[in-house]
Amino acid sequence: MPLDVIGMIGVSPPKDDSTVHVIEGGLSRQFLEDFSRAHDEAGFDLVLVGYTSTSADGWSVATHAASVTERLGYLVAHRPGFVAPTLAARKAATFDQLSGGRFALHIIAGASDTDNQRDGDYLPKAERYARAGEYIDVMRRTWTSTEPFDHDGPYYRFSNVRADVQPLQQPSPPVFFGGSSEEALEMGAQRCDVYAIYAEPRAAVAERFGDFRRRAAAYGRTPRFSISVRPILGDTEGEAWDRAHRILGGIEAAGTDKLTVAGSHRGMPYDRGGERMLGYAAASDVHDERLWLKIAEATGAPGNTSCLVGTPEQVADAILRYYQLGMPAGGGVSDVGYVLIRGFDPFNDAVDFGRELIPRIKQGVAEFDAHAPHAASGARASAAYAAADAGADKPLAVTD
């Protein structure tokens with residue numbers, strides 16, 4: 001099973017090459033079209049279309065971007081609660097049909113209280129996850145039901161629901177979610193297809209994968225995983241680290257102007273995930289050879305701010321080590337089905353990733369998967385992981 005590579009498109013040109021967030025800042029039709037085509041041509045499989053309470057509407061952004069690209073899929077971030085789940089189900093099905101099956105949905109229920117309240121949502125975080133669970137249930141039933149149905153739940157009540165359009169992807173487009181609170185994990189384990197997390201030290205990621213697999217198994221479900229990371233590449237490792245420190249300097253010099261999604265959170269965790277990330281950063285600037293957390297530390301970790309620093313070969317190798325964490329001990333392919341990569345110079349980095357990084361990732365995954373039917377594959381993954389934790393910094397090799 002291939003590893004799909006996800007990027008992230010923005011809607012207006014960034015001010016410089018140390019950009020933390022890309023979804024805010026007005027709207028440029030030409031930039032959106034060029035940015036989307038750049039991802040399509042670079043070999044990305046999907047792009048994330050983000051969501052904040054001040055940014056351009058993600059559904060409209062994705063719809064227009066899909067009209068000017070050929071094969072690129074769109075992972076649309078969506079907050080339950082502002083649009084009825086029945087309407088959202090029809091919007092998603094319409095997009096999926098018109099785009100030829102290029103739609104995926106990312107559920108965002110946590111976010112910040114401040115950002116939710118800007119759109120009029122004053123539910124506490126735990127209740128937002130409870131509402132999201134019911135929301136997904138209604139959406140899935142709307143996608144699959146062949147007969148009209150009624151629904152009467154804690155947050156929604158509907159009568160005689162039916163839809164004339166179903167998704168092209170059956171039984172539904174993939175549903176992603178993220179979060180680390182107990183409410184988030186339970187909601188996602190019951191209902192979502194893909195658990196998306198930011199890159200953390202591999203030992204911590206392995207624990208989070210194992211915990212979520214157990215939670216999902218209790219509901220008879222088998223999830224997949226997505227890892228999000230910010231690669232910083234250089235022709236040599238030294239050049240990559242020099243660039244990383246220049247980016248950090250630009251972010252620090254700009255102050256809170258770089259942190260518009262989170263507001264002013266410098267030195268403070270943005271959310272529970274940020275709190276955990278700052279804990280790792282306090283322990284060490286660098287984990288697992290090249291996982292660099294200084295930008296996460298500087299910003300309060302609002303979103304994807306953990307970085308992999310090195311040459312294209314080194315960064316691809318580091319990403320493949322995360323992929324290996326999903327390989328079962330008894331043999332079989334990895335359940336890490338997605339990796340989200342985006343840079344701080346968003347447009348140019350997307351082009352570079354297509355030339356230097358994506359082919360290496362895809363080739364490495366193909367080599368691992370070619371050996372996946374052998375029961376020894378799990379042993380290979382464990383051995384490679386142990387070697388990496390022992391400080392080895394050599395390209396991974398698949399052997400029989």
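1. Across the whole structure, a search finds 28 salt bridges, each being a side-chain nitrogen of Lys or Arg within 4 Å of a carboxyl oxygen of Asp or Glu. The model is predicted, so that local features need pLDDT of at least 70 and side-chain atom pairs count only at pLDDT 80 or more, while totals for chains, interfaces and linings use all residues. Residues are numbered from 1 along each chain as its sequence is written, and side-chain values use heavy atoms, with hydrogens and water left out.

2. Asp 137 and Arg 191 meet through their side chains in a salt bridge of 2.9 Å, N to O. Because Asp 137 belongs to helix H5 (residues 125-144) and Arg 191 to helix H6 (residues 182-191), the pair ties together parts 54 residues apart in sequence; helices here are DSSP runs (H or I, at least four residues), numbered from the N terminus. Arg 191 is buried, at 17% relative accessible area, whereas Asp 137, at 36%, is partly exposed (buried means under 20%, exposed over 50%, partly exposed in between, with a 1.4 Å probe and protein chains only).

3. A salt bridge also joins Asp 349 to Arg 243 at 2.8 Å, N to O. Asp 349 lies in helix H12 and Arg 243 in helix H8 (residues 237-254), so this pair ties together parts 106 residues apart in sequence. Both Asp 349 and Arg 243 are buried.

4. Helix H12 (residues 346-370) has a kink of about 50°, centred on Phe 353, where the bend is the angle between axes fitted to the seven residues ending at a residue and the seven starting there. Phe 353 is one of the buried residues of H12, which also include Gly 354 and Leu 357.

How values were computed:
Helix = DSSP H or I, 4+ residues; strand = E, 2+ residues; numbered from the N terminus.
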